[in-house]
Amino acid sequence: MTAPQDIKPMPPTRRHKVQRWWWLFQRVSGVLLIVLIFTHLFVNLMTGDGVSQIDFAFVAGKWASPLWQWWDFAMLLLAMLHGMNGMGYIINDYASRKTTRTVLHALLGIATAVIIVLGALVIWTFDPCPVDASGALLEGVPSFCEDVL
Ligand code: HEM
């Protein structure tokens, strides 16, 4: 019988640490997204008049509140990064050539960054009380805009 060998684990490289971080992020963000998305769906579809209440004033009313701005931003960021990382695993599984993998990872990173920036701009630069050239409120704005102008 041979004596059990003393196998020392290899010290993790920086790359391994990054991969481990993304593995954990994927699990944590998955759980958070369930809460964020189902609350989003419940508030928009089940409360008040349901789906028929969704118009400009509804969105403007929600984004006048920092809570919903941060809620939507968290949903946007986590959903995009979760999806990007998941697609990254699929690329690694199916693209066998190194050049193909590099190109696909780059395209995925660019698409993710563009969507996060555009989505964040919509949330953070949204004007709930838009006015026309003469300074009068446009039609369909929420009622609180009368008090703001
Ligand atoms: C029938 C289903 C859905 C309806 C009716 C709906 C409706 C809306 C509405 C009205 C807004 C504007 C502001 C707000 O209400 O928070 C919005 C924003 C948003 N929704 Fe949904 N949604 C649906 C499903 C989803 C799902 C499944 C996701 C998954 C991640 C999602 C992600 C988002 C995000 C990230 C934003 C912010 C968009 C931005 O950054 O400009 N929605 N949605």
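This is a predicted model: local features need pLDDT of at least 70, side-chain atom pairs count only at pLDDT 80 or more; totals for chains, interfaces and linings use all residues.
User: How many helices does the protein have?
Analyst: Helices (H or I, at least four residues) and strands (E, at least two) are DSSP runs, numbered from the N terminus. Read along the sequence, the pattern is α-α-α-α-α. There are zero strands, and the number of helices is five.

User: What is the radius of gyration of the protein?
Analyst: The C-alpha atoms fill a box of roughly 90 × 35 × 25 Å along the principal axes. The radius of gyration is taken over C-alpha atoms, and the globule rule is 2.2 Å times the number of residues to the power 0.38. A compact globule of 149 residues would come near 15 Å, but the protein has 23 Å.

User: What percentage of the residues count as buried?
Analyst: A residue is buried if 20 or more other C-beta atoms, placed from the backbone, lie within 10 Å of its own, exposed if 12 or fewer, and partly exposed in between. Of the 149 residues of the protein, the share that counts as buried is 1%.

User: Are α3 and α4 roughly parallel or antiparallel to each other?
Analyst: Axes are lines fitted to C-alpha atoms, for helices over the stretch in contact, and angles run from 0 to 180 degrees between N-to-C directions. The axes of α3 (residues 66-94) and α4 (residues 98-125) come within 10 Å and cross at roughly 175 degrees. Angles under 35 degrees count as roughly parallel, over 145 as roughly antiparallel, 65 to 115 as roughly perpendicular and the rest as oblique. The two helices α3 and α4 are therefore roughly antiparallel.

User: How many nonpolar residues does the contact of α3 with α4 have?
Analyst: Residues of α3 including Phe-73, Leu-76 and Met-80 meet residues of α4, among them Leu-108, Ile-116 and Ala-120. Ala, Val, Leu, Ile, Met, Phe, Trp, Tyr, Cys and Pro count as nonpolar, Asp, Glu, Lys and Arg as charged, and the others, Gly among them, as polar. By class, this contact has six polar and two charged residues, and its nonpolar residues number 14.

User: Which residues does Leu-76 contact, leaving aside its neighbours within four places in sequence?
Analyst: Leu-76 sits in helix α3 and is partly exposed, because 18 other C-beta atoms lie within 10 Å. Its C-alpha atom is separated by 7.9 Å from that of Ala-120, 44 residues apart along the chain. Two residues are in contact if their C-beta atoms, placed from the backbone, lie within 7 Å. With those neighbours left aside, the contacts of Leu-76 are Ile-116, Gly-119 and Ala-120.

User: Is Ala-120 buried or partly exposed?
Analyst: Ala-120 belongs to helix α4, and beyond four places in sequence its contacts are Phe-73 and Leu-76. Since 15 other C-beta atoms lie within 10 Å, Ala-120 is partly exposed.

User: Which residues are closest to the ligand?
Analyst: A residue is near a molecule if its C-beta atom, placed from the backbone, lies within 6 Å of it. The residues of the shell divide into twelve nonpolar, three polar and two charged. Of the 17 residues around the ligand, the closest are Asp-72, Leu-76, Ala-79, Gly-119 and Val-122.

Note on methods. Residues are numbered from 1 along each chain as its sequence is written.
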